[in-house]
Amino acid sequence: MLKIENLEVSFDNGETVVNAVRGVSFDVKQGESYGIVGESGSGKSTVLRAICGMAPTTGGRILLDGKPLPDPRTPDFYRRVQMVFQDPYASLHPRHTIDSVLSEPLSIQRFDRRDQRIAQALDDVGLGQGFRFRYPHQLSGGQRQRVAVARALILEPQIILLDEPTSALDASIQAEVLNLLERLRSERGLTYVMVSHDLAVISHMCERLLVMEQGLAVEELTRADLRARRARTDYTTKLLKASAGYTATE
Amino acid sequence: MTTTRDWLLSDRPASRRQAKLGQSYRTWLDFRTNALAFLGLLIVVALVLMAIFAPWLAPHDPLVGDLNHTRLLPPLTEGYWLGTDDQGRDILSRLIYGSRITLAVVALVAVIATPVGLLVGTTAGYFGGWVDTVLMRITDIVLAFPKLILALAFVAALGPGIENAIIAISITAWPPYARLARAETLTIRNSDFIAATKLQGASSLRIIWKHIVPLCMSSVIIRVTLDMAGIILTAAGLGFLGLGAQPPQPEWGAMIAGGRNFLVDYWWVAAMPGMAIFIVSLGFNLLGDGLRDVLDPKRQK
């Protein structure tokens, strides 16, 4: 469904050129949940931004249903692909009520039955009507992230890009949000591309994953590989070891 | 028991209107705790009421005095509590009518300069690149003009009068707002909520107007309120130099100029309008400080 071919992204700030992504390819099937892992600065979030047209793509192709994406992206693309951001404290406008956060995409994309859709979206993410006219500062981190998920879902997209959706939340809330995402995926047949540095989260959520290091794709693993700790490259072995060490002392 | 207060402070507002009113009410509660800011608000409200009800409040005609009987009466004279000027006009009445001119200057400058500054600043900040460079260099150029001197040149070219003074002040007043709005825009243009809005297919106009402007608004409003005092002083300065409001209009700056010739013997003629300018400027400054305390977006609660 979503195919990335040899993607290259570089940021040019006049003096130095930073090659954030250097030739990454992967392929996401419909209904699949695909993970991208790597340490900070490995370019994993940049891949997601490049898919949305928010990072300067300098090479390679991004195909949706076999067709290259137009640049800039069309409104139709945004209806099919949505994104949930890492920090729920930064992804909601501080002066907008939840109601206006959710009604804005509907009015941009000219959806009908807005009231019902907003009510439905709030129920879907387990918030309910009582939250509709609150401001973000009246919500907790987990509740905010639910609103962000509702905002992504309200346009009824097929693909959702998840940029470390739980890393800013504490452990119990993390599980709640992950379960919510799991449920929504199975109910609606959504396709996920999920970025995380947390291997436990990825192995819980994703069938396949890509390991990235310094802008390069190191290797692709299946969930079974990850659980059996079958890694072909040194880097992945190191990464697995590091996460195991972390879990042992937890 | 549900009171209006509970309804306003409800954690679970049931409509858009309730959420909005509740938010304003919280800001108001916050503002009320600051005594000095409240004093500033009272002064400004008093100025507005004085301007609206001038014909009913003023005891005498502000333009025509009795040259035979009431010339240069000292303050606290029966019926002329602030004294009279050299043409026998009641100073209190002139001050009350003068508040209309002062308020008009302040309101018009705010209405002209604020939107221009916001528009230029947010556009420059949001688009960046050459748009930013061009707009901000223009801003820098205008910022380099000395306010009073440009106003003087402008009024000299177009002829003296309060309208031209307002235009001249507005032209020099907007650049600080543009800079402020641009700085605010730069801090929010790369935030996730703007990215999320872009991902919904929002146009640049929509993002600037609905997402960036509301966040710049509070700091600009604070700045405008604090600048009010300066604007009043500039208008009074032009009036004093004879380039603003023209006689017999009871403009405060012009009134000071009128009393200057006999300052030593009849001090009140110049001192009373001076007091009025002082009090109103102080009121706007106190109000601005108070607004900064409650509206500053960086002071997260």
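**Exercise 1.** In this predicted model, how do the axes of helix α5 and helix α12 of chain B lie, and which word describes their arrangement?

Solution. Start with the two helices: α5 of chain B covers residues 91-127 and α12 of chain B covers residues 268-295. Their axes come within 11 Å of each other and cross at roughly 40°. Next, compare this angle with the cut-off: angles under 35 degrees count as roughly parallel. Finally, the handedness: α5(B) passes α12(B) in a right-handed crossing.

**Exercise 2.** Which residues make the contact of α5(B) with α12(B), and how do they divide by class?

Solution. Take one helix at a time. From α5(B) come I91(B), L95(B) and T102(B). From α12(B) come W268(B), V269(B), M272(B), P273(B), A276(B) and V280(B). Sorting the residues of this contact gives eight nonpolar, one polar and no charged.

**Exercise 3.** Describe the packing of helix α3 of chain A with helix α5 of chain A.

Solution. Helix α3 (residues 98-108) and helix α5 (residues 141-153) of chain A pack with axes 9 Å apart, at an angle of about 20°. Because of this angle, α3(A) is roughly parallel to α5(A). The crossing of α3(A) past α5(A) is right-handed. On the α3(A) side, the contact is made by I98(A), V101(A), L102(A) and P105(A). On the α5(A) side, V147(A), A150(A) and R151(A) take part. By class, this contact has six nonpolar residues, no polar ones and one charged.

**Exercise 4.** What span does helix α6 of chain A reach, and what follows the helix?

Solution. Helix α6(A) runs over residues 171-188, which is 18 residues. From its first C-alpha to its last, α6(A) reaches 26 Å. At 1.5 Å a residue, the expected value is 26 Å, and the helix is close to it. After α6(A) comes G189(A), with a positive phi near 60°.

**Exercise 5.** How many residues of chain B are in contact with chain A, and which helix of chain B supplies the largest share?

Solution. Count the two sides: 24 residues of chain B are in contact with 28 residues of chain A. Three helices of chain B, α2 (16-32), α9 (192-198) and α10 (204-240), each supply at least two residues of the side that touches chain A. The largest share, five residues, comes from α9(B). Divided by class, the side of chain B that touches chain A has eleven nonpolar, eight polar and five charged residues.

Terms used
Residues numbered from 1 in each chain as written. Chains lettered and ligands numbered in written order. Predicted model: local features only at pLDDT ≥ 70, side-chain atom pairs only at ≥ 80, totals over all residues. Axes fitted to C-alpha atoms, helices over the stretch in contact; angles between N-to-C directions. Helix = DSSP H or I, 4+ residues; strand = E, 2+ residues; numbered from the N terminus. Parallel < 35°, antiparallel > 145°, perpendicular 65-115°, else oblique. Left-handed = near helix turned anticlockwise from the far one by under 90°. Contact = placed C-beta atoms within 7 Å. Nonpolar A, V, L, I, M, F, W, Y, C, P; charged D, E, K, R; others polar. Expected span 1.5 Å × (residues − 1).
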